[in-house]
Amino acid sequence: MNTTYKYDWGQAVRVVTTAPKDMRPGEAGSVCGIRAMDSVRLYLVEFSDGTAVEIPADLIKAMENECYVFQLIYWCCSFR
C-alpha cells in the first residue's frame with residue numbers, strides 16, 4: 001500500500017487557530033513523526049519547548065514563508 005503524506009519529517013508547520021486547545025492552536029512546530037490511521041494522516045509535531053503533540057493533517061498548515069526562520073531559531077535553541 002502506497003501512502004502519501006502532505007508534510008515531510010522536519011518540516012515547519014503551524015497549528016490552525018481553530019484546533020482544540022490541547023493541540024496548541026496558533027503555535028509553530030516541526031514534524032517529528034508521521035503515521036496513517038485508516039484514512040486519517042497524523043503528524044507528531046514538536047514545539048520549541050520540546051513538547052510533542054499528535055495532530056491530524058487538516059489542523060496544521062505548512063509555514064512556507066516562515067520556514068527558514070523558524071528552523072534556524074529552533075536549531076539555535078537546541079544548543080542551550
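This is a predicted model: local features need pLDDT of at least 70, side-chain atom pairs count only at pLDDT 80 or more; totals for chains, interfaces and linings use all residues.
User: Which strands does β2 pair with, and in what sense?
Analyst: Strand β2 (residues 28-37) pairs with β1 in the antiparallel sense over three bridges. β2 and β3 also pair in the antiparallel sense, over eight bridges. Two strands pair if DSSP finds at least two bridges between them.

User: What about the turn between β2 and β3?
Analyst: These two strands form a hairpin with two residues between them. D38 in that turn has a positive phi of about 60°, although D38 is not a glycine. Most residues other than glycine have a negative phi.

User: Is D38 buried or exposed?
Analyst: D38 is exposed, with a relative accessible area of 76%. Buried means under 20% relative accessible area, exposed over 50%, and partly exposed in between (1.4 Å probe, protein chains only).

User: Moving to the interior, how much of the protein is buried?
Analyst: Of the 80 residues in the protein, 31% are buried. The accessible surface comes to about 5,400 Å², and 55% of that belongs to carbon and sulfur atoms. Accessible areas come from the Shrake-Rupley method with a 1.4 Å probe; for residues, only the protein chains shown count as cover.

User: Which residues have the most contacts inside the largest nonpolar core?
Analyst: They are Y43, V45, I55 and I60, in a core of 15 residues. The elements giving two or more residues to this core are β1, β3 (40-47) and β4 (52-56). β3 gives the most, with three residues. A nonpolar core is a set of buried Ala, Val, Leu, Ile, Met, Phe, Trp, Tyr and Cys residues joined through side-chain atoms within 4.5 Å.

User: What does I60 touch?
Analyst: Leaving out residues up to four places away in sequence, I60 touches Y7, V13, R14, V15, V16, Y43, V45 and I55. Contact means heavy atoms within 4.5 Å. Among contacts in the protein between residues at least 6 apart in sequence, 46% join residues at least 24 apart.

User: How many salt bridges are there?
Analyst: The count comes to three, where a salt bridge is a side-chain nitrogen of Lys or Arg within 4 Å of a carboxyl oxygen of Asp or Glu. R24, E27 and D49 are linked in a network. The R24 and E27 side chains meet at 2.9 Å, N to O, and those of D49 and R24 meet at 3.3 Å, N to O. The latter pair links distant parts of the chain, with D49 in the loop between β3 and β4 and R24 in the loop between β1 and β2, 25 residues apart.

User: How accessible are R24 and E27?
Analyst: R24 is buried, with a relative accessible area of 18%, whereas E27 is partly exposed at 32%. R24 also has a positive phi, near 65°, in a residue other than glycine.

User: Which residue does R35 form a salt bridge with?
Analyst: R35 forms a salt bridge with E54, their closest N and O atoms being 2.7 Å apart. R35 lies in strand β2 and E54 in strand β4, so the pair ties together parts that are 19 residues apart in sequence. R35 is partly exposed, with a relative accessible area of 37%, and E54 is partly exposed at 35%.

User: Lastly, which residues make the nonpolar surface patch?
Analyst: Y5, W9 and I34 make a patch of about 340 Å². Y5 is found in the segment before β1 (12-15) and counts as partly exposed at 34% relative accessibility. Patches are made of residues with over 30% relative accessible area and no salt bridge: like charges are joined within 9 Å, nonpolar side chains (Val, Leu, Ile, Met, Phe, Trp, Tyr) within 5 Å.

Definitions and conventions
Residues are numbered from 1 along each chain as its sequence is written. Side-chain values use heavy atoms; hydrogens and water are left out. Helices (H or I, at least four residues) and strands (E, at least two) are DSSP runs, numbered from the N terminus.
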